[in-house]
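Have a look at the fold below and keep it open while you read.

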Amino acid sequence: MRKIILLCFIIPSMAGAQKLHLDLFGGFSNYQGDLQAKQFTTEQAKAAIGVGLRYDLSNHFAVRTNFTYASVAANDKYNRQADLQQRNLSFRSVVTEANLLLDYNILNLNYHKLTPYVFGGIAAFHFNPYAFDSSGNKIYLKPLSTEGEGLAAYPDRKEYHLTQMAIPFGAGIRWRFTDNVTLSYEIGLRKTFTDYLDDVSTNYVDQATLGAAKGPKAVEMAYRGDELKTGLAYPADGTVRGGPKFKDWYYFSGITISIGIGKRTGFHGSDNGRTDCPKPVQ
């Protein structure tokens, strides 16, 4: 009888858990780094879209995987610090991410319409920073080694990889719109292990050395203060260009529509696949 009573709790929980969902995401993306110091802001934000699958493990836990296509960008002309405005750097990048997350509903959506939730996991992402030169041409920045990455004269400056790992985590609110559809709003942060999401990290390198190794375009894109009316000269070798102490972050925020796929295995309602306990024999 004890085993039967135990199954009365386990079977309904499993029945309500085994469900696959299609997730459709839309919102905005942004980043924090050397060209955007604010931890979370919609300033200079760009669009983000995504698609994924979520599988319920229980009434509270789910595993989900998503593919997200987004853009991040920043420009020194929007910076509030005068010296950074004079630096006059900018960048843009498409960010594509694939992740695997564990999702936890704080409340049971079988009995509540609304629940907070949290999530975390692992992600792989690809980026490729670029900027537009003074003539409006799109220039990818990594091949230019703007801070001497990969140059023999700067052996401590290693080239950065365009595909890297990140740790995604965040929180949101999920609303059960119908038995088969939920709506969620979430904020998801991504801790990266690179400081070159924006192609800015450490110090300026020698102008002549950079020009000899990578050409005049590298010098032009490494420092753009001379494009302003102030007409400042290229900084001396070793002058601070960025801050390597903190790695770059990026983040997404937006709405997800989650649609159940296939036959329901049920909430714990009388018409939703509930498995009742057998009555004890008198």
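The largest pocket holds about 720 Å³ of space. Here a pocket is an open set of points on a 1 Å grid over the protein atoms alone, with protein on both sides within 12 Å along at least five of seven lines, and lining residues have an atom within 4 Å of a point. For the volume, points are joined across faces, edges and corners, and what counts is the space filled by probe spheres set on them. The lining of this largest pocket takes in 33 residues, and D34, N79, Q81, L84 and R87 are the ones nearest its centre. Helix α2 gives the most to that lining, with four residues.

Before going further, keep in mind that this is a predicted model, where local features need pLDDT of at least 70, side-chain atom pairs count only at pLDDT 80 or more, and totals for chains, interfaces and linings use all residues. Residues are numbered from 1 along each chain as its sequence is written, and side-chain values use heavy atoms, with hydrogens and water left out.

Now stay with helix α2, which covers residues 82–87 and includes Q85. Q85 counts as partly exposed because its relative accessibility is 35%; buried would be under 20% relative accessible area and exposed over 50%, with partly exposed in between (1.4 Å probe, protein chains only). Who does Q85 touch? Skipping neighbours within four places in sequence, Q85 is in contact with D76, K77, N79, R80 and L228, where contact means heavy atoms within 4.5 Å.

Step back to the whole chain, and you can pick out four helices and ten strands. These are DSSP runs numbered from the N terminus: helices are H or I with at least four residues, strands are E with at least two. Read from the N terminus, the order is α-β-β-β-α-β-β-β-β-β-β-α-α-β. Buried residues make up 45% of the 282 residues. Of the contacts with a separation of 6 or more, 73% come from residues 24 or more positions apart.

Next, the rings. The whole structure has 17 aromatic pairs; Phe, Tyr and Trp rings (the six-membered one for Trp) pair if their centres lie within 6.5 Å, and planes under 30 degrees apart are stacked, over 60 edge-to-face, and the rest tilted. One of them is F169 with W249, edge-to-face at 6.1 Å centre to centre and 80° between the planes. This pair links distant parts of the chain, since F169 is in strand β8 (residues 163–176) and W249 in strand β10 (residues 249–261), 80 residues apart. F169 is partly exposed at 34%, and W249 is partly exposed at 24%.

Y204 and Y234 make another pair: their ring centres are 5.9 Å apart and their planes at 70°, so this one is edge-to-face. Y204 is in the loop between β9 (181–192) and α3 (207–214), while Y234 is in the loop between α4 (216–222) and β10, so the pair ties together parts 30 residues apart in sequence. Are these two buried or exposed? Y204 is buried at 3%, and Y234 counts as buried at 15%.

Ring pairs also join F125, F127, Y160, Y196, Y250 and F252 into a cluster.

Finally, the charged end of K138 sits over the ring of Y130, 4.2 Å from its centre. That label needs NZ of Lys or CZ of Arg within 6 Å of the ring centre and within 35 degrees of the ring normal. R174 lies over the face of Y117, 3.8 Å from the ring centre.

Definitions and conventions
On a 1 Å grid over the protein atoms alone, a cavity is a set of points where a 1.4 Å probe fits but cannot get out, and a pocket is an open set with protein on both sides within 12 Å along at least five of seven lines; lining residues have an atom within 4 Å of a point.
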